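Work through the exercises below with the model open beside you. Try each task before you read its solution.

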Amino acid sequence: MKREIITTADGSKTIHFPEWNEQYHSKHGAIQEAYHVFIKHGLHYYGQSITETVHIEEPLNQLSILEIGFGTGLNALITLLESEKLQTKVDYVGVEAYPISQDEVSGLNYSSELNSDRLIFDKLHEVSWEEKHQISDLFSLIKQKKFFNEINDKDIYNLIYFDAFGARVQPELWTEDIFKKMYDALKESGVLVTYSAKGSVRRAMQSVGFTVEKLPGPPGKREMLRAAK
């Protein structure tokens with residue numbers, strides 16, 4: 001399938017699939033979308049909930065995050081940068097069935113747009129799969145090359161970034177079976193965030209036990225979903 005790198009509205013790049021009319025990130029701004037969905041309503045929200053909710057005993061200085069769809073590595077890069085700001089240790093697992101090519105990595109401009117060291121972004125893609133790597137003092141990464149239905153983790157993660165291709169082109173990634181795996185993988189009081197706000201997605205989440213709320217979406221999208229265990 002043909003893939004091409006395009007520039008989104010905020011100046012950051014993404015990978016576009018013309019046949020599907022689908023891309024890894026929003027055309028309205030790849031970086032804007034990542035910050036809004038996964039950082040503001042995921043990482044920052046979870047950190048705040050730990051502080052404010054007495055029954056959550058997870059220490060503020062350590063989080064375990066699962067990303068469904070490692071893709072371009074943008075969410076991982078921003079989370080690494082945020083871990084430095086927050087002084088929070090992050091153990092990050094990114095699942096991806098079809099890793100992007102080195103040529104595609106070279107064509108992405110996230111480091112310059114985020115004013116970060118290009119070597120860090122390249123390292124996220126260069127390190128080997130299936131092994132834990134310490135990318136920075138506060139950020140470790142395990143990349144797992146497998147399909148989402150092969151995930152069988154139990155009570156491991158505080159936070160899930162659910163960033164699969166949309167239900168319009170890959171509905172099999174947004175089913176009750178997949179969200180049951182996500183529910184099981186989260187620790188008690190864990191949180192899943194996604195850019196999607198489809199009714200079928202919300203109902204699939206609720207059917208496996210999630211408490212789901214609609215939130216304002218990123219630029220170009222009216223709503224998104226956040227689910228809590």
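**Exercise 1: A salt bridge and its network**

In this predicted model, Lys154 and Asp184 join their side chains in a salt bridge, at 3.2 Å from N to O. Find where the two partners lie, and decide whether each is buried or exposed.

Solution. 
- Step 1: Place the residues. Lys154 sits in the loop between β7 and β8, and Asp184 in helix α6, so the bridge ties together parts 30 residues apart in sequence.
- Step 2: Salt bridges with shared partners join Lys154, Lys180 and Asp184 into one network.
- Step 3: Apply the cut-offs: buried is under 20%, exposed is over 50%. Lys154 has 52% relative accessibility, so Lys154 counts as exposed. Asp184 has 16%, so Asp184 counts as buried.

**Exercise 2: A link across the chain**

Which parts of the chain does the salt bridge between Glu104 and Arg3 tie together?

Solution. 
- Step 1: Check the distance. The closest N and O atoms of Glu104 and Arg3 are 2.7 Å apart.
- Step 2: Locate both ends. Glu104 belongs to helix α3 and Arg3 to the segment before β1, so the pair ties together parts 101 residues apart in sequence.
- Step 3: Classify them. Glu104 is buried at 12% relative accessibility. Arg3 is partly exposed at 29%.

Methods. Residues numbered from 1 in each chain as written. Predicted model: local features only at pLDDT ≥ 70, side-chain atom pairs only at ≥ 80, totals over all residues. Heavy atoms only, no water. Salt bridge = Lys/Arg side-chain N within 4 Å of Asp/Glu carboxyl O. Helix = DSSP H or I, 4+ residues; strand = E, 2+ residues; numbered from the N terminus. Buried < 20%, exposed > 50% of the residue type's maximum accessible area, 1.4 Å probe, protein only.
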